[in-house]
Amino acid sequence: MKTRTSLLTAAVLVAGLAVGPSVLPAAASAPAAASAPAAPTAAPTAAPSPGPALEAAIAGLPRADATAALVRLGGKEGVWRGSSGVHDLETGRPADPAARFRAGSVTKVFTAAVALQLAREGRLDLDRSARSYLPELIPASYGRVTVRQLLNHTHGIPAPDFPGTTVEEAYANRFQVHDPEAMVRSATSKKPEFAPGERQHYLNIGYTVTGLLIERVTHDSYERQVARRVLGPMGLRDTYFPGTNPRITGPHNHGYQTMRLDDGTTGLRDVSVWGATDAWAAGDIISTTADLERFTVALFKGRVVRGPLLEEMFTLPEVTDFGTGEPAAYSVGLSMKVLGGREVWGKTGGRWGYNAAIASTRDGSRTLVYGVTSTDAKGRGMNRTAESIMVAAYGRP
């Protein structure tokens, strides 16, 4: 299948109490703290500082769409760190800038990185069928799906069935434990959405299968492999996989979701405690902005995936999107959007109550990480605060 790395116009990175933003000067080296606001100053650079725009993007939280925002901008064009909003609506105390949060589909970048490491070692073949590794799980009807197609969402496998279709039904089932193999069986019992390699449809299921492939070829758990290959070597001490634990361990800001409440009204419900086994290798990781920034810098510098296989993450398949007919927007692990006239690569993620993203120019000159406790985290459009942060950092599409 032909591939491309040309410019893309599909929108992907940009799919109460008044608490002002807490920021650090661009030259600061200490982690952002919940202290009195300080005006951001840009490090010497030819590029204009996005600090004022970022400060404006997260000012005034909490508001209807988000209760807190944590932001880290880095790279040779300057450094900016800021936080805004509240730790929780009950106490109203300032948001913890070092807090852990659910990073959602940013998990896919970690999964893809481990798969590519295994490919470099000759333990996974990107052009080999997934069924050849998991013959007892992948039926013959999906026998042509390759490992690469799982990773770039061109496999054609539909989503598995989950109980309920509304946020209220999802909340009622928030503690249900989902088995990865059962999810794959549910998905592959259906007809393919399209022939492998002919379209692109962004879904979690390809990464669920990839997690199982990692376990098959390493004879180890997916979580231990990511920890051994990425979290440990990169020093990501505040990043972990929750497994079946629905709680976020350690310091974290509360997440809230707009939904119908018990009295029939619509309002905010605290959704900080919510199981993530339905996402697993596609979206269950918990991290911090500091850890994700460290990971992003290392990834783009070739320290996580080494050698030619890193280009798989910056190569878009030459197919169209299954739903819109637009050009493919996802590579292996990442997606790309042209913002401010230049390519920005990265990955967004959403779990109920939380939105997150990592992003960078290809040369690493400007990196961005954010964690937003958003009240519409899995809505159709991009959260307003998250979108404002992205545009402030890189410019408009």
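Helix α2 (residues 107–120) packs against helix α8 (residues 222–234) at an angle of about 80 degrees, and their axes lie 10 Å apart. Axes are lines fitted to C-alpha atoms, for helices over the stretch in contact, with angles from 0 to 180 degrees between N-to-C directions. The two helices are therefore roughly perpendicular (65 to 115 degrees). From α2, the contact uses T107, F110, T111, V114, Q117 and L118. From α8 come Y222, Q225, V226, R229, V230 and L231. Contact means heavy atoms within 4.5 Å. The contact residues split into seven nonpolar, four polar and one charged.

The model is predicted: local features need pLDDT of at least 70, side-chain atom pairs pLDDT 80 or more, while totals for chains, interfaces and linings use all residues. Numbering starts from 1 along each chain as its sequence is written, and side-chain values use heavy atoms, without hydrogens and water.

Now to the strands. Helices (H or I, at least four residues) and strands (E, at least two) are DSSP runs, numbered from the N terminus. In β15 (residues 367–374), eight of eight residues are buried, that is, under 20% relative accessible area with a 1.4 Å probe, protein chains only. T367, V369, G371 and T373 point one way; L368, Y370, V372 and S374 point the other.

Which strands pair with β15? β3 (residues 66–74) does, antiparallel, over eight bridges. A68 sits opposite T373 there. β14 (residues 354–361) also pairs with β15 in the antiparallel sense, over six bridges. Here A357 faces Y370. Pairing requires at least two DSSP bridges. Five residues separate β14 and β15 in their hairpin, where G364 takes a positive phi near 75 degrees.

Technical notes
Parallel < 35°, antiparallel > 145°, perpendicular 65-115°, else oblique. Nonpolar A, V, L, I, M, F, W, Y, C, P; charged D, E, K, R; others polar. Buried < 20%, exposed > 50% of the residue type's maximum accessible area, 1.4 Å probe, protein only.
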